[in-house]
Amino acid sequence: MSEVVPEARLAAGQAIDFRVLVVDDDPDMAAYLARLLENEGLAAETVHNGDAAIVSVMSTPPDLILLDVMMPGTDGFEICERLKAETATAMIPIVLVTALEDQQSRVRGIKAGADDFITKPVHREELIARVKTLKRLHATRREMESRRLAAEVQRKDALRRTFSRYLSPRIADRIISDMDDEGTPFRRGAQRVSVVALFADLRGFTRLTESTRVDEVVGLLNEHFSVITDAAYRHDGTIFSMAGDSLLVGFNVPFPQPDAAARAWHTAQDMLRSFTPVHARWTKSGGAPTGLGIGIAAGESILGNIGSPHYMSYTIIGDAVNTASRLVQAAKPGEILVSGSVYETIRAMIPSGAAKSQGEVALRGKSGTTPVWSITV
Amino acid sequence: MDDKSNLVTVPKDLEDLIPVFMSNRKKELDALRVALAAADFEQLRQLGHRMKGVGNSYGFAQVSDFGKYVEDGARSGDRALLESTIVRYTEFLSKVQITYE
């Protein structure tokens, strides 16, 4: 039998704040239900089989579904189960419309996730009362969801502001995006990653602390760190630690950076350039550290959450970090010491004559030797 | 059913849907005849089930009643009941008088 499908009646320009999808293989029944809803100022769309219902819901999720149970092909129970199993559609209320009056069918409907039932023949007062109740619940749920989202955004903004005082903004964002619903950060396990590690250190700082008032030392350190952290951020470096007068910056972590070595090189130059006027001012006001030294190395490292449940550090550890640390300890003021692999990657960027090989160097704590290059710009 | 049983009162707000509704009932009647000729009792059961659901909603209680007979007849394989129901349904559709209020 090929029935004629009645046209739905939607008032032109009608504000749609609640849309109902009517699914019934009988076009007359669907049209009847749609008409009752439209009489109440609700927008109604009709489809006549299970597959069309799924497509409609996925493309334009309605606010409520009136779903016939007995349909050829995919029946109402199955559609209901599928929609309730999908995160995107699970919250859409579904009213099963059925001539089945036996308890078994109701139980099956409840198991399928149906929110309510209406029995055919459908009484208009009952239909409207049920739909209005679900509409109210829907509005309340939507309001609560928007409040929850607003609160979540506020909470994350506050966290981001707080974290950003202590961590690189990129790490703060990573931590916040990694948080689960209970606000537990660092859910991801440690990862082995390829890293370019840069250490910057204020040479002569220890001597300075012996001859300068504590509050002045803190002021100098803050100025030093402001300048070099800004340089690191300008090249999208991630700051992993700040200890004493030393700063550890990672590249290619936590996000991939194919040009990580070049970024580290540009950061090093930027740090030295930015530190020059600060150093000049310190020198002018009497007594100053002797300058900034930098060490850069590349290699495998472990990125992760290291520490105890009470004190954690999201950081990198491993050979690249150790080598960069040894290099910075050996660097003179104004000098950038890089490992051989870093040099090979950036050599085309280095001004002619600025780099000098230090040969194979036995760095403290390392079993073999490391090719080291000294760059002064 | 007596003559009064051919009278149907339809809610005014459904008036514009009735021509399509009646057209579909006539197609339904053809489908019932074809299914009975083919002894397709499952098809008959489904058609009866749908008639039962839709009739009362539009104010056509008779269509729901005929639907119940068709569904019952299909379930029990009662050809005589099905044949007589289809005859009565045919007669009803030819004589039905609709008023709107």
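## Ground rules

Residues are numbered from 1 along each chain as its sequence is written, and chains are lettered from A, with ligands numbered from 1, in the order in which they are written. Because the model is predicted, local features need pLDDT of at least 70 and side-chain atom pairs count only at pLDDT 80 or more, while totals for chains, interfaces and linings use all residues.

## Where the chains meet

Chain A brings 18 residues to the contact and chain B brings 19 residues (two residues are in contact if their C-beta atoms, placed from the backbone, lie within 7 Å). On the chain A side, 11 are nonpolar, 2 polar and 5 charged. Here Ala, Val, Leu, Ile, Met, Phe, Trp, Tyr, Cys and Pro count as nonpolar, Asp, Glu, Lys and Arg as charged, and the others, Gly among them, as polar.

## The nonpolar cores

The largest nonpolar core has 61 residues, and those touching the most other members include Val20(A), Leu33(A), Cys80(A) and Val70(B). A nonpolar core is a set of buried Ala, Val, Leu, Ile, Met, Phe, Trp, Tyr and Cys residues joined through C-beta atoms within 7 Å. A residue is buried if 20 or more other C-beta atoms lie within 10 Å of its own, exposed if 12 or fewer, and partly exposed in between, with C-beta atoms placed from the backbone.

A second, separate core of 48 residues includes Leu248(A) and Trp373(A).

## Two helices of chain B

In chain B, helix α2 (residues 41-58) packs against helix α3 (residues 61-76) at an angle of about 155°, with their axes 7 Å apart. Axes are lines fitted to C-alpha atoms, for helices over the stretch in contact, and angles run from 0 to 180 degrees between N-to-C directions. That makes α2(B) roughly antiparallel to α3(B) (over 145 degrees).

## Backbone spots to look at

The peptide bond from Lys120(A) to Pro121(A) is cis, with omega near -5°, and Pro121(A) sits in the loop between β5 and α5 of chain A. Another cis bond joins Val253(A) to Pro254(A), with omega near -10°.

Asn252(A) has a positive phi, near 70°, and is buried, with 25 other C-beta atoms within 10 Å. Ala39(B) also has a positive phi, near 55°, but counts as exposed, with 11 C-beta neighbours inside 10 Å.

Technical notes: Helix = DSSP H or I, 4+ residues; strand = E, 2+ residues; numbered from the N terminus. Parallel < 35°, antiparallel > 145°, perpendicular 65-115°, else oblique.
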